[in-house]
Amino acid sequence: MKIFKYIFTVFVLLSLYACAKEAIITDSDFQKNLLAGTGNYQNTSHVWKFDSLIISGTPVKLSTIEKSYTKTFNRLGSYIDSDGYAGTWDMSSSNKLDITTTNSLTNVKIKNTYDIVTLNAAQLQIKITGTKGVYQYFFVISN
């Protein structure tokens, strides 16, 4: 009977120890999970649909075609958009989004760094300074 109690006690302690493991992720990893999924089963990418644009504080009226534009961010660091452009993405910090696009004809890479204003499970707002001032892009989750 003592052996049974000993084995049972060891089994219970091992079970509790195995269940207590919990991975704590960084803010940057959490932001990456929101942008592109966790990488787990059926959560390896997120599709973001273009919703609106503000240039230097002025809203821009978008056409139906522009409102159907999407960007798909894959958890492993690649992206593709609905115009056929592809490349890689990375977050150097929790509020910076680096997107590198590769020209399929010339193989030239162009890197843009966006400031992440808002990123949650439903929306993505990024901004960058361009030729006409500050461009603010608003996306909503599509999948």
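1. Ground rules. This is a predicted model, where local features need pLDDT of at least 70 and side-chain atom pairs count only at pLDDT 80 or more, while totals for chains, interfaces and linings use all residues. Residues are numbered from 1 along each chain as its sequence is written, and side-chain values use heavy atoms, with hydrogens and water left out.

2. Overall layout. The chain has three helices and nine strands, taken as DSSP runs numbered from the N terminus (H or I of at least four residues for helices, E of at least two for strands). In sequence order the pattern reads α-α-β-β-α-β-β-β-β-β-β-β.

3. Burial and surface. Of the 143 residues, 29% are buried, meaning under 20% relative accessible area with a 1.4 Å probe and protein chains only (over 50% is exposed, in between is partly exposed). The accessible surface is about 9,900 Å², and carbon and sulfur atoms own 59% of that; areas come from Shrake-Rupley with a 1.4 Å probe, and for residues only the protein chains shown count as cover.

4. Contacts. A contact here is heavy atoms within 4.5 Å. Among contacts in the chain with a separation of 6 or more, 39% link residues 24 or more positions apart.

5. Strand pairing around E9. Which strands pair with E9 (residues 133-141) in the antiparallel sense? One is E1 (residues 45-55), joined to E9 by seven bridges, with Ser52 opposite Phe138. Another is E8 (residues 123-130), which pairs with E9 over eight bridges and puts Leu124 opposite Phe139. E8 and E9 form a hairpin with two residues between them. Pairing requires at least two DSSP bridges between the strands.

6. Largest pocket. Its volume is about 580 Å³. Of the 24 lining residues, Tyr69, Lys71, Asp81, Asp83 and Tyr85 are the closest to the centre. For the method: on a 1 Å grid over the protein atoms alone, a pocket is an open set of points with protein on both sides within 12 Å along at least five of seven lines, and lining residues have an atom within 4 Å of a point. Points are joined across faces, edges and corners, and the volume is the space filled by probe spheres set on them.

7. Who lines the pocket. E1, helix H3 (64-67), and strands E4 (78-81), E6 (96-102), E7 (109-119) and E9 each give at least two lining residues. By class there are 14 nonpolar, six polar and four charged residues; Ala, Val, Leu, Ile, Met, Phe, Trp, Tyr, Cys and Pro count as nonpolar, Asp, Glu, Lys and Arg as charged, and the others, Gly among them, as polar.

8. Strand E3 (residues 70-74). Why does Thr72 count as buried? Because its relative accessibility is 17%. Thr72 sits in E3 and, beyond four places in sequence, touches Ser45, His46, Val47, Ser78, Tyr79 and Ile80. Phe73, also in E3, is buried at 1% relative accessible area. Its contacts beyond four places include Trp48, Trp89, Leu97 and Ile99. His46 is 27 residues away from Phe73 in sequence but 5.6 Å away, C-alpha to C-alpha.

9. Gln136. This residue lies in E9. The C-alpha atoms of Gln136 and Asp115, 21 residues apart along the chain, are 9.4 Å from each other.

Conventions
1 Å grid on protein atoms, 1.4 Å probe; cavity = no way out; pocket = protein on both sides within 12 Å on 5 of 7 lines; lining within 4 Å.
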